Number of protein chains: 2
Amino acid sequence: MSETSTRQRLLDAALNLIWRSSYGSVGVDEICQLADVKKGSFYHAFKSKSDLAAAAFEYYWEHTCSRFDQLFSPELPPLDRLTGYCKLIITNQKKQYKIGGKVLGCPFSSVGCELSTRDETVRQKAHELSIRIVKYLESAVHDLMQEGLIETADAAEVAKEIYAYSTGVVTQAKIDNDIKSVERITPGIFRLLGIKNLVRK
Amino acid sequence: MSETSTRQRLLDAALNLIWRSSYGSVGVDEICQLADVKKGSFYHAFKSKSDLAAAAFEYYWEHTCSRFDQLFSPELPPLDRLTGYCKLIITNQKKQYKIGGKVLGCPFSSVGCELSTRDETVRQKAHELSIRIVKYLESAVHDLMQEGLIETADAAEVAKEIYAYSTGVVTQAKIDNDIKSVERITPGIFRLLGIKNLVRK
DNA sequence: TTTGCCTTAGACCGACCGGTCAACTACAAT
DNA sequence: ATTGTAGTTGACCGGTCGGTCTAAGGCAAA
């Protein structure tokens, strides 16, 4: 078995296990077992558990960013980009809910929140990824303003607000373990943007 | 030393330690040491670590709810109640930041998020507390609508959106470790409510 | 003073933690 | 054939984990 496959299986296992519970409650042994990798190989591939966590963030982002590129294509009407963003989050959460019966929330903000006061490497990575996501949102917000569909304001600021709201909704849905409440993400973003037509298809 | 004082010191210690790092990274021994309580006494006062965490939630709320009662007094103009709510969060975060140089975020949503897929007792408690907070917000939103200061809508829904946004902002500030960004809470809530005058004193 | 009960002390438990290490295998270059 | 190197293995480490247990302390009622 090649090294890259070992790494990848570890990343996959770590991502799944940690997303489903938490960083603190998942041990290296457990990750190794799921990945079918022996402990020695783990520490050949990663220098520490938190190193793995940071790498898993990046790994998950690589999975996601191609969808973001499609979703936020400048070809699309900016409002569709935002509703597509909401839809992605909602279907993603629903998918995980169907598998395990639990709302898992956002892996970045969940683990980022758990570790950001303890592990600077992971915090930095979570911070970096949030910036990337906000960039996508910002372009859509900017175009909405340029097209006169929403009131002009600081697009970067509004994008950060949308992102904070999104993660807030998803985190709250996790705490409530209520999958329906994830859908609150769409009308809330509309309200933030000052768009009246909430029942838009 | 009486039992109640033992309990209280344990709650205080647990709250501080867990808020400053995370549930998973704080051990029972560490909590006992800070509280100056021996392990046997710990397990006399609480039946488990997660039992303590749930109790610490309630303990923190008891600390906070009296301020909420003042803040959300029906005597006050509803908009002042909301700005007071924002101010409370901001000063609270700033205070903790000055002490430890780190943005600590909301203890309820941080720990709630960390444990909600692992510990049903804690999840339930975090859920319950979020409902209480939303109730306060809802009354202010309701009154804002009644006074015609904002557009009429489902007050309960808007209150949940405000709460989700608040926790999202604070969590993101924790991940960014950027105390300034906590202040985003106020303009964001104004935007959610559709209130134009963002530079209001 | 004796009794009985709530509280505290701290030694102790086995399990598990993250991490290390020396031995080994597979394979490519010489 | 020999050497070098990358990858793998699993036994092993000291420390810490959450939690238990028994003995003793503190104190009120009798």
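The same surface serves both: 100% of the contact residues of chain B recur in chain A. Contact here means that the C-beta atoms of two residues, placed from the backbone, lie within 7 Å.

Before going on, note that this is a predicted model, in which local features need pLDDT of at least 70, side-chain atom pairs count only at pLDDT 80 or more, and totals for chains, interfaces and linings use all residues. Residues are numbered from 1 along each chain as its sequence is written, while chains are lettered from A and ligands numbered from 1 in the order in which they are written.

**Stop 1: the contact**

Select the contact residues. Chain B gives 39 residues and chain A gives 39 residues. On the side of chain B that touches chain A, look for H6 (107-115), H7 (120-146), H8 (155-176) and H9 (185-193), helices that each supply at least two residues. Helices are DSSP runs (H or I, at least four residues), numbered from the N terminus. Now pick H8(B): the largest share of this side, 12 residues, comes from that helix. Colour this side of chain B by type, and you get nine nonpolar, 19 polar and 11 charged residues. Nonpolar covers Ala, Val, Leu, Ile, Met, Phe, Trp, Tyr, Cys and Pro; charged covers Asp, Glu, Lys and Arg; the others, Gly among them, are polar.

**Stop 2: helix H2 of chain B**

Select residues 28-35 of chain B, helix H2. Ile31(B), Cys32(B) and Ala35(B) are buried there. Buried takes 20 or more other C-beta atoms within 10 Å of a residue's own, exposed 12 or fewer, and partly exposed lies in between, with C-beta atoms placed from the backbone. Look down the axis of H2(B): the buried residues fall within an arc of 100 degrees, so they line one face of the helix. The arc is that of the directions from the helix axis to the C-beta atoms.

**Stop 3: Asp36**

Step on to Asp36(B), which follows H2(B). Asp36(B) lies in the loop between H2 and H3 (39-45) of chain B. What is the phi of Asp36(B)? The value is positive, near 55 degrees, in a residue other than glycine. Most residues other than glycine have a negative phi. Asp36(B) counts as exposed because it has 12 C-beta neighbours inside 10 Å.

Finish in chain A. Asp36(A) has a positive phi of about 55 degrees, and lies in the loop between H2 (28-35) and H3 (39-45) of chain A.
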